[in-house]
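Here is a friendly tour of the open spaces in this model and of the sheet beside them. Have a look at the structure first, and then we can go through the pockets together.

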Amino acid sequence: MRTTHAIVERADALVPLLEQHRPYGEAHARLAPEVVADCRDAGMYGLYAPVEVGGEEAPLPDVFAAMVTVAAADPSAAWLMVNSAALAGYASYLDPARWPEVFTRPLGPYGLSAAVTGTLEPTEGGYVLSGTWPLVTGVLDATWATLNCRAISPDGRRPARAAIVRTADLSIDRIWESAVAMRGTGSHQVRAEAVPVPADLVVNPAAPPQINRALQRVPFLVRAGVMNSAVPIGILRSAVAAASAELAGKVSTVFGTKAADSTALLELVADASLSLAFLERGVLAAIEELWQYAETERELPISLRATVAGAPFRAVEVARDLTSRLYARSSRAAFFAGHPLEGAMRNIHAVAYGLEPLRPIHHAAGRVQLGLDPNMPI
């Protein structure tokens with residue numbers, strides 16, 4: 001029987017701290033220093049990093065469980081962990097000679113932009129990176145960041161690549177202070193103006209990693225699906241809990257009727273609770289099955305890879321719909337800043353926007369269902 005990784009218990013232990021300092025993130029548009037430090041010490045920024053660099057290299061089912069817990073307590077903190085996982089996972093693609101420079105311990109946090117907006121111009125010994133990335137999560141707290149871009153090749157191709165750069169080499173436009181959702185992520189705009197990038201700090205995500213263990217045998221985009229599905233599920237969990245607490249004692253100020261006597265409200269709460277349970281358990285079951293294949297070095301079925309990679313898009317649609325309905329039907333208290341449902345409402349829409357650049361993965365999952373080549377490395 002597989003044992004549970006310590007990261008699950010550490011996530012549970014972080015909940016009081018995350019809830020205590022969540023108002024700081026709302027007020028300052030970045031996570032509280034205590035949150036960043038404690039999450040770093042708990043290994044939450046190195047979930048996908050190999051053990052050789054001090055990472056957790058955690059089993060995917062445990063990553064999912066830990067991330068749902070964190071996202072329910074503070075989705076901004078969870079989003080920084082999700083984004084940090086990209087560079088942490090790329091450690092298995094890099095020359096080990098680069099490890100001491102990039103992966104100082106304790107690991108992270110690391111910045112990330114999923115938008116493929118910049119360009120890499122080849123030069124002697126590497127590349128020159130230029131471009132603007134509209135949102136880079138956690139850039140003020142990160143020393144290193146991964147910026148997705150296009151590499152310009154002599155034959156005219158522009159393959160997608162991930163450039164690993166020091167945040168000190170980037171210009172940061174502090175736009176996030178006026179954000180209205182996921183404020184704690186500190187997702188500012190960055191610019192690279194002819195930043196030199198050594199060739200061995202440019203990663204091809206479709207290439208095989210240099211380490212061959214269970215985690216590395218799962219394609220990069222599928223691993224991303226594990227985390228990206230956990231965040232909307234965590235937000236929905238918090239919305240269901242907040243609405244249930246609100247409606248349990250609510251009495252209409254107009255008609256004097258109890259919410260508990262309204263069949264429409266009871267059905268809404270039941271639907272939300274059941275949808276959350278089915279969604280969370282269904283995604284986890286797929287992840288657990290996938291992980292069994294990876295651990296036993298069997299080929300991962302394409303249908304299973306597509307399910308996990310595409311899960312975030314179904315998760316965010318369900319969470320957005322139900323959170324919106326709970327918000328609209330709960331009570332006037334939810335319309336005021338600071339109420340859990342008000343925060344969940346804002347944040348789930350922001351997460352949906354944040355996942356939009358990854359929409360081609362959703363299309364790839366659909367192609368698999370049709371028996372076609374996914375056209376993406378899932």
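In what follows, Ala, Val, Leu, Ile, Met, Phe, Trp, Tyr, Cys and Pro count as nonpolar, Asp, Glu, Lys and Arg as charged, and the others, Gly among them, as polar. Please keep in mind that this is a predicted model.

With those classes, the lining of the largest pocket divides into 35 nonpolar, nine polar and four charged residues. Ser113, Ala114, Ala115, Asn148 and Leu358 are the lining residues that lie nearest the centre of this pocket. Several elements each give at least two residues to its lining, including α4 (75-90), β1 (111-123), α6 (220-248) and α10 (359-369).

The second largest pocket has Arg22, Gly338, His339, Pro340 and Gly343 closest to its centre. Here α1 (6-28), α3 (60-73) and α9 each supply at least two lining residues.

| Pocket | Volume | Lining residues |
|---|---|---|
| Largest | about 1,100 Å³ | 48 residues |

By class, the lining of the second largest pocket has seven nonpolar, five polar and five charged residues.

Now to the sheet. Seven strands form an open sheet with mixed pairing, in the order β5-β6-β2-β1-β3-β4-β7. β5 (171-173) and β7 (202-203) are at the edges and have a single partner strand each, so one side of each has no neighbour in the sheet. Further in, β2 and β6 (residues 188-198) run antiparallel and are joined by eight bridges. Gly126 has Pro198 of β6 as its bridge partner. Across β1, β3, β4 and β7 lies α4, which runs at about 75 degrees to β3.

Technical notes
Residues are numbered from 1 along each chain as its sequence is written. This is a predicted model: local features need pLDDT of at least 70, side-chain atom pairs count only at pLDDT 80 or more; totals for chains, interfaces and linings use all residues. Side-chain values use heavy atoms; hydrogens and water are left out. On a 1 Å grid over the protein atoms alone, a cavity is a set of points where a 1.4 Å probe fits but cannot get out, and a pocket is an open set with protein on both sides within 12 Å along at least five of seven lines; lining residues have an atom within 4 Å of a point. Grid points are joined across faces, edges and corners, and a volume is the space filled by probe spheres set on the points. Helices (H or I, at least four residues) and strands (E, at least two) are DSSP runs, numbered from the N terminus. Two strands pair if DSSP finds at least two bridges between them. Contact means heavy atoms within 4.5 Å. Axes are lines fitted to C-alpha atoms, for helices over the stretch in contact, and angles run from 0 to 180 degrees between N-to-C directions.
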